[in-house]
Amino acid sequence: MTIRSGLVDAIGRTPLIRLRQASELTGCAILGKAEFMNPGQSVKDRAALWIIEDAVRRGELKPGGVIVEGTAGNTGIGLALVANALGYRTVIVIPDTQSDEKKQMLRLAGAELVEVPAVPYKDPNNYVKLSGRLAEELAKTEPNGAIWANQFDNVANRQAHIDGTGPEIWNDLDGKVDGFVSAVGTGGTLAGTGMALKARSKDVKIALADPPGAALYSYYTTGELKAEGSSITEGIGQGRITANLEDAPVDFAYRIPDAEAVQIAFDLLEHEGLCLGGSSGVNVAGAIRLARELGPGHTIVTILCDYGTRYQSKLFNPEFLRSKALPAPAWLEKPGTVDL
Ligand code: PMP
């Protein structure tokens, strides 16, 4: 057994889990990288740590300093936990559409929360832009200074996956990996892991899985950024080419309807005991499509992004699902009443 020296050392080195139903359905080995096993229960712990360490190295983040970020929640949770471990404070700007569970976790971890109405990126009051301005203001007044984590355009984010996620996948599989699939929030996971795998073998296929309402499926298939529809998934769905996405090696792109993603999330919990958020459903749906594209016998890796209890009031709430015209499985109506 290896002892991790603290929270920071407990981030990463997550296991690959074989997804039984997806593998049986396709004749491929479909493997999920269990990012929900990070201490903050999401893939974003990696980006949070890399961004903080990079800011410290560059002399921008000083002891006791404040880290400001606009986030759908998971990056904020990662930042808040790492900040507690290393002696910083966090101010988190979050759109009011994100789940209460994530907001509660942020408060519990000591983040100062600024909830703002969800408006498009082009609006000056968009949560990302607001967080940038807030960081500038706080840098002037905070005794130990303040930085903006800027996860969308700070490439220390994707570096976490170039240094960590990608090499971990390659090494765990002794290079026997044929494809990698990921949805995009900032693009750090897709671009960074994709770059790390392509650098080791040009034959590894990289695929984007995009929810409705995002513009990247259209970008990678037609060259035009165009969005249609909306999605209940959180933390993913990008409308522009962030700095993290620049030069991302994308071979295939798939658009995944919510009904398909949520059904996969329900099946993973009911039949495989894996309790995951909606973006993991999008990812596994994308992995199934890439498996069909490549044919049986291939090994395809995707990301199990975060833990499902974060979405009990939404993805796992029949009333919420009905309000979005999405199917709710019978067992979700009365959880805990299974006939044995
Ligand atoms: N899934 C969830 C639940 C997330 O919070 C995020 C990050 N916002 C992602 C997927 C996508 O990760 P990335 O930012 O690396 O594209």
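Modeller: Leaving out residues up to four places away in sequence, Leu19 touches Ile30, Leu31, Gly32, Glu272 and Val284; two residues are in contact if their C-beta atoms, placed from the backbone, lie within 7 Å. This is a predicted model, in which local features need pLDDT of at least 70 and side-chain atom pairs count only at pLDDT 80 or more, while totals for chains, interfaces and linings use all residues. Residues are numbered from 1 along each chain as its sequence is written.

Colleague: Where is Leu19 placed?

Modeller: Leu19 sits in the loop between β1 (16-18) and α1 (20-26). Helices (H or I, at least four residues) and strands (E, at least two) are DSSP runs, numbered from the N terminus.

Colleague: Is Leu19 buried or exposed?

Modeller: Leu19 is buried, because 25 other C-beta atoms lie within 10 Å. A residue is buried if 20 or more other C-beta atoms lie within 10 Å of its own, exposed if 12 or fewer, and partly exposed in between, with C-beta atoms placed from the backbone.

Colleague: Changing topic, what does the secondary structure of the chain come to?

Modeller: The chain has 12 helices and 10 strands. Its C-alpha trace spans about 60 × 50 × 45 Å along the principal axes, and buried residues make up 51% of the 340 residues.

Colleague: Let us turn to α2. How many of its residues are buried?

Modeller: 10 of the 14 residues of α2 are buried, so this helix is largely enclosed by the rest of the structure. Among them are Lys44, Asp45, Arg46 and Trp50. The buried residues pack against β3, α3 (74-86), β6, α6 and α7.

Colleague: And what is the span of α2?

Modeller: From first C-alpha to last, α2 reaches 20 Å, close to the 20 Å expected at 1.5 Å a residue; the expected span is 1.5 Å times one less than the number of residues. After α2 comes Gly59, with a positive phi near 80 degrees.

Colleague: Which side of α5 is buried, and what does that side pack against?

Modeller: In α5, Tyr127, Ser131 and Ala135 are buried. They cover an arc of only 85 degrees around the axis, which puts them on the same side of α5; the arc is that of the directions from the helix axis to the C-beta atoms. The buried residues of α5 pack against β3 (66-70), β4 (89-95), β5 (112-116) and β6 (146-148). The face turned away from the buried side carries the exposed residues Glu136, Glu137 and Lys140.

Colleague: What surrounds the ligand?

Modeller: The ligand is surrounded by 20 residues, the closest being Gly185, Thr186, Thr189, Gly235 and Ser279. A residue is near a molecule if its C-beta atom, placed from the backbone, lies within 6 Å of it. Helix α7 (residues 188-200) supplies the largest share of this shell, 3 residues.

Colleague: How does the shell divide by class?

Modeller: The shell has 7 nonpolar, 10 polar and 3 charged residues. Ala, Val, Leu, Ile, Met, Phe, Trp, Tyr, Cys and Pro count as nonpolar, Asp, Glu, Lys and Arg as charged, and the others, Gly among them, as polar.

Colleague: One last topic, the backbone angles. What is phi of Gln41, and where is Gln41 found?

Modeller: Gln41 has a positive phi near 65 degrees, and this residue is not a glycine. Gln41 is in the loop between β2 (29-34) and α2 (44-57), and is buried, with 22 other C-beta atoms within 10 Å. Ala325 also has a positive phi, about 55 degrees, but counts as exposed, with 8 C-beta neighbours inside 10 Å. Most residues other than glycine have a negative phi.
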